[in-house]
Amino acid sequence: MADEFITIILIKGLIQALLLTEILELLAAACFPHRNKWDFLLVFLVNILTNPLVVYLDHLFRFRMPSVVLWIAMLEFAVWLSESLIYCKCLKGKQNPFLYSLILNAASYFGGMFIGKFL
C-alpha cells in the first residue's frame, strides 16, 4: 500500500514537472526569431526525452549527494549538453543550438523555482 502511494506521488511529480517544463521552454522558444513549427515540436519532444529522466534521477539521488548544489549543476549541465547536441543536428531555425538550449533550460529552471515559491 505504501509503495503504491509513493509510486503515485512520483508519477504525479514527474507529470507536473514535465508539463511545467514544456510550457516554460515553449514560451522561451517563442521569443527567438526564425521560429517554425518543427523547432517547437523538437523542443517538445526533447523535453519528453530528458525531463522525466532528470527529475527521476534527482528524486533518487539529491539528498544522497555531499553537495546538492553540485548535484543540480551536474544534472543541468548534462541536460544542456545533450539537448544542445540534439539541437545541433535537428534545429531548422538559425539559432545557435548551445545558446538556444542554455536559454530554454534557464527559463524552465528559474521559472520553475519562481513558480514553486508561490504555489
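Which helix holds Leu-26? Select Leu-26 and it turns up in helix α1; helices here are DSSP runs of H or I with at least four residues, strands are E runs of at least two, and both are numbered from the N terminus.

Before going on, some conventions. This is a predicted model, in which local features need pLDDT of at least 70 and side-chain atom pairs count only at pLDDT 80 or more, while totals for chains, interfaces and linings use all residues. Residues are numbered from 1 along each chain as its sequence is written, and side-chain values use heavy atoms, with hydrogens and water left out.

**Stop 1: Leu-26.** Then draw a distance to the C-alpha of Ala-107: the separation is 9.7 Å, for a pair 81 residues apart along the chain.

**Stop 2: Glu-22.** Stay in helix α1 and select Glu-22. Is Glu-22 buried or exposed? Its relative accessibility is 6%, so Glu-22 counts as buried. Leaving aside neighbours within four places in sequence, Glu-22 is in contact with Val-43, Phe-44, Asn-47 and Ile-48. The C-alpha of Thr-50 is 11 Å from that of Glu-22, 28 residues apart along the chain.

**Stop 3: the whole of α1.** Now select 2-30, the range of α1. From first C-alpha to last, its 29 residues reach 42 Å, close to the 42 Å expected at 1.5 Å a residue; the expected span is 1.5 Å times one less than the number of residues. Colour the buried residues of α1: Leu-14, Leu-18, Thr-21, Glu-22, Leu-24, Glu-25, Ala-28 and Ala-29. Their cover includes α2, α3 and α4.

**Stop 4: His-34.** Move to the loop between α1 and α2 and pick His-34. Phi of His-34 is near 60°, a positive value in a residue other than glycine. Most residues other than glycine have a negative phi. His-34 counts as exposed, because its relative accessibility is 53%.

**Stop 5: α2.** Select 37-61 for α2. The end C-alpha atoms of α2 are 36 Å apart, which agrees with the 36 Å that its 25 residues should span at 1.5 Å a residue. Centre on Asn-47, where α2 bends by about 30°; the bend is the angle between axes fitted to the seven residues ending there and the seven starting there. Buried residues of α2 include Asn-47, Thr-50, Asn-51, Val-55 and Asp-58. The buried residues of α2 pack against α1, α3 and α4.

**Stop 6: the largest pocket.** Finish by selecting Ala-17, Asn-51, Val-55, Asp-58 and Tyr-109, which lie nearest the centre of the largest pocket among its 27 lining residues. Elements giving two or more residues to this lining are α1, α2, α3 (68-90) and α4 (97-118). The pocket holds about 860 Å³ of space. On a 1 Å grid over the protein atoms alone, a pocket is an open set of points where a 1.4 Å probe fits, with protein on both sides within 12 Å along at least five of seven lines, and lining residues have an atom within 4 Å of a point.

Conventions. Points joined across faces, edges and corners; volume = space filled by probe spheres on them. Buried < 20%, exposed > 50% of the residue type's maximum accessible area, 1.4 Å probe, protein only. Contact = heavy atoms within 4.5 Å.
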